[in-house]
Amino acid sequence: MKKTILLLGFFALSNYFVNAQYKNNQSAFADKPADSYSNFKDENGKPGVLIWGKAPINDFGSRTVTFNYNGLRKLPQAPAPGVHPRIYFSPDELPDIQRRLKETKCGQAAWKNIISWTEMMKGKYNDKADYAQPDVWKGQFGGLHGRVPLFRLGVPRKNGMAYNANTLAADYYDGLANGTIQSFPEFYWDVFSLESFRCLIENDEQGAKKLAAATYTALKLDQLKRDSLRQAKQITKPDEQPVGRFQLAFTYDLIFKWLSPEQKKAMHDELATGTWSHDNYGTFNNAEYSRGNWATFSYWLFQVLAVEGENGFNDLKVKGMYRGWRNLMTYGWFQSGATYEAEAKNQLGMDGILPFAKRMDMYGFDNLAAHPHLQAYVQEFLPQSIVPTLDGFVRYDLLGGCHLKNGTPNICDLLGLKYMFPNDKRVDFIYRTYVRDDYANVPDQPGGYYANSLLFYAIFASDFDEAPTSVADLKMPKTFFCGERALMMTRSSWDTKDALMLNMHTRQANGGHPYSDRNAIMLAGAGRVWSPVQYNAFENTKHSLLTIDNQKQDEHSPATMVAFKDTAFATFCAGDAKYAWDWNNKEQEKPGGKGYYTVEDVRAGKVEMPKKGKWELEPNSVNYFSFLKLPYAYLNIPRSETPHWVLPQGAVRPFLREVNYPVQKAFRTAGIVRSDKQPFALIVDDMAKDNEVHHYDWVLTLEHDIQMVQTVKTNDHEMDIILTGNDPEQNESWGKDTLQAMYSGTPAANKPMLLVRVLNVNNNNPQNMPTISEWRKTNPKAKEIPVRKLTIPADAVDAKFKVLLFPYRNGEEIPTTIWNAKHDKVTVKWKNGQKQEIVFTDNPDGRTRLLITADKKSFSF
């Protein structure tokens, strides 16, 4: 008993001194050089030198953040130095993890996936066993049966997965454990961490010691390869990451108590020497421009926390990462909850926020899950981004899409949010939307460049609330609007999966992976997505917008939202894309990569302009373009003085501009009318270059299965285009041959349909007719996927497109539309006598104004 008390007292005292040291910046690494994440060079072209002790780790910029802890789970704090496990949980928390693995459906699914991987690695995989069910792969990839993609182990499978691959896997694993082989599949590192977790959960000492031996051999083999490469390339600086990456960190942490002194030292030394020197994004740069999602690359954090408090541990690196994470929450998220970099990659990094939250006492951190911008993202943006069919999320930019296959927020974020907000109904709704009712979307593999999502789901296994509830009970608004990014997402209701959803993205602020999609729309309704956000499609011709003369817009040039109005009857916004047509933008680095520009350089005219083209400094600020203008100085500086996103404080990356394809006007007005009969969307475009005739293409991107049923041209200015889908698994058609444009046969009753009613188009060329086409990459190495689209061409001075979009089920009533004699008012009529009248008024600024009335309802815009 005395020994236990003394140990507890020792650990408490140790924590006191460690916490005091970490909070007061008394770091052993204060005078050590940091190998910068930015890899910048000085004026002589030599690597720049940063010092850990000079990192502005307590600089969180000019905005005050008020953290909200209501509804947040309070996490147990990390154990004393030297106690393992520690990255995600302490020994005291192990019983609760074991319980949740057995009692929760999420835990049960994660455990089955883990056992599938570990048994395969050891050569014991049985595809008839319960852990391998249900059979997802059904004999694909050389005879694979089971629930997880075991082919990623890289084992040959000539005669079927279960027998031949098991034999080879056993040879590899036993050979590693015995130290008798010289090579092994790289993916074994990813499974080592799963096997270490299994050993800990099952208290399997024998299995843990075999894994320790296998890991030790793998470490030595990969160190030999690494050191040989370093010698050949004459690399002298410390490694950026350890051998085995974050998977070594988890393995070391989880089987620590079973490691021999020699194994412990080898793994510790690799982790310590491979993590101390390299800062993470957000440590040294300008706080108010920490907008890159690199800040939440959580693998940097796991690796260093594995040796936390031990010899060689750099506490300043952890603090620098926290700074980057927090500043990303403050300046990379808008106060509405929308993101600056537009759902491009990692986003929140909840798999890192949880370890930070477990170290609030040790470092004096705030819990980043309490950040108001994170909570706005969770409460407002994420639920509104869910499509009406509740089977996907709308995401923009590089990883854009609208389905769970290509439109999913970071999956660790979703579980992390559920774990941190256990009783929040909206979070529960978001989580359930992803994992599905049968938990089929619990991660099925441990690999990835930034996290082991399967391990994360096993440790923090959580079930959604199965109590009956309707989406309407969540009392979510029908509209999300971000006046900083210029994004509107609106829908007709939350009551039905057939609801109409319309987004318009004007894009005033651009992150690291923007599309040239100014004023582009996204459309869903009648039980499906019609016009999706594209995946990895940067050109404006691949988005649902209006183009002129086949010209391109620059992806970095901002547009401006000029109006927004949200009522129960109708919701509309209006965007002005003129600037993005008038000017191209680019960011300018110092030529040759020697040093960087400063504000003084910009003001003294020392920025070297590109030799090609006629570029000048961009004079306008972020607030100049913003619909919502906030009172912060950094939003009012010229974009030519923009601080560099990754280089140290003081560096700037000037924005330049060059004339693109100037136009007189480029307005789009878009929104929905929540008719008592059936909701519909209305798109009005006002675009003209000059007083000459030009070619316009009104583009609506389509899911890959959509075909044209018929086109009916009413007169020179009006036409109906009716679309339907041929394949319920829209995304499965990515790899197929292009579907023909026309639908053959008669659509079945109740089949989803879309009426594209052109109420007006000015067109001087009678040969112009709508077409469906599909762009496919010509370079097989390119990452773009096919883009299918409906194009309505016109030749005019101002085409004056006015288009009504009406999703419906085949057999349902289609409204009639009637123009008045002056052609400035259209009446939308229904058989039951209901009607809506829409008056279009030309305004001196060039944007058409709307007055929409129905019974006693009125909406002016």
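Me: Which residues count as contacts of Q710 once its neighbours within four places in sequence are left aside?
Reply: In this predicted model, Q710 is in contact with D720, I721, I722 and M742. A contact needs heavy atoms within 4.5 Å. M742 is 32 residues from Q710 along the chain, and the C-alpha atoms of the two are separated by 7.7 Å.

Me: Why is Q710 called partly exposed?
Reply: The relative accessibility of Q710 is 37%. Buried means under 20% and exposed means over 50%. The value for Q710 falls in between, so this residue counts as partly exposed. Q710 belongs to strand β17, residues 706-713.

Me: What makes N58 exposed?
Reply: N58 has a relative accessible area of 56%. The cut-off for exposed is over 50%, so N58 passes it. N58 sits in the loop between β2 and α2.

Me: How far apart are N58 and K665 in sequence and in space?
Reply: They are 607 residues apart in sequence, and 46 Å separates them in space, C-alpha to C-alpha.

Me: How do you know that R323 is buried?
Reply: The relative accessible area of R323 is 0%. Buried means under 20%, so R323 is buried. R323 is placed in helix α11, and 17 of the 17 residues of α11 are buried.

Me: What does R323 touch beyond its neighbours within four places in sequence?
Reply: Its contacts include P56, I57, D59 and F60, and also G282, T283, F284 and Q649.

Me: What is found at the start of α11?
Reply: There, a side-chain oxygen of N314 lies within 3.0 Å of the backbone nitrogen of L316.

Me: How do you know that the span of α11 agrees with its number of residues?
Reply: Helix α11 has 17 residues, 315-331, and at 1.5 Å a residue it should span 24 Å. The expected span is 1.5 Å times one less than the number of residues. The end C-alpha atoms of α11 are 24 Å apart, so the two values agree.

Me: Why does R230 count as buried when its relative accessibility is 18%?
Reply: The cut-off for buried is under 20%. R230 has 18%, so it counts as buried. R230 is in helix α7, residues 205-233. Apart from neighbours within four places in sequence, R230 has contacts with I235, T236, K237, P238 and D239.

Me: Why are α2 and α3 called roughly perpendicular?
Reply: The axes of α2 (residues 94-103) and α3 (residues 105-121) cross at roughly 90° and come within 5 Å. Angles from 65 to 115 degrees count as roughly perpendicular, so these two helices do too.

Me: Which residues of α2 and α3 meet?
Reply: R100, L101, K102 and E103 in α2 meet K105, G107, Q108 and W111 in α3.

Me: What is noted about the phi of N519?
Reply: The phi of N519 is positive, about 70°, although N519 is not a glycine. A526, also a residue other than glycine, has a positive phi near 55°.

Me: How do you know whether N519 and A526 are buried or exposed?
Reply: N519 has a relative accessibility of 3% and A526 has a relative accessible area of 4%. Both values are under 20%, so both residues are buried. N519 is placed in the loop between β5 and β6, and A526 in the loop between β6 and β7.

Me: Which kind of peptide bond runs from H84 to P85?
Reply: That bond is cis, with omega near -5°. P85 is in the loop between β2 and α2. Q133 and P134 are also joined by a cis peptide bond, with omega about 0°.

Me: What is the average pLDDT of the protein?
Reply: The average is 90, and 92% of the residues score at least 70. Over residues 1-18, however, the pLDDT is below 50. It is also under 50 over residues 730-735.

How values were computed: Residues are numbered from 1 along each chain as its sequence is written. This is a predicted model: local features need pLDDT of at least 70, side-chain atom pairs count only at pLDDT 80 or more; totals for chains, interfaces and linings use all residues. Side-chain values use heavy atoms; hydrogens and water are left out. Helices (H or I, at least four residues) and strands (E, at least two) are DSSP runs, numbered from the N terminus. Buried means under 20% relative accessible area, exposed over 50%, partly exposed in between (1.4 Å probe, protein chains only). A polar contact is a pair of N or O atoms within 3.5 Å; within protein, one must be able to donate a hydrogen and the other to accept it, and residues adjacent in sequence count only if both atoms are side-chain atoms. pLDDT is the predictor's confidence in each residue, from 0 to 100. Axes are lines fitted to C-alpha atoms, for helices over the stretch in contact, and angles run from 0 to 180 degrees between N-to-C directions. Angles under 35 degrees count as roughly parallel, over 145 as roughly antiparallel, 65 to 115 as roughly perpendicular and the rest as oblique.
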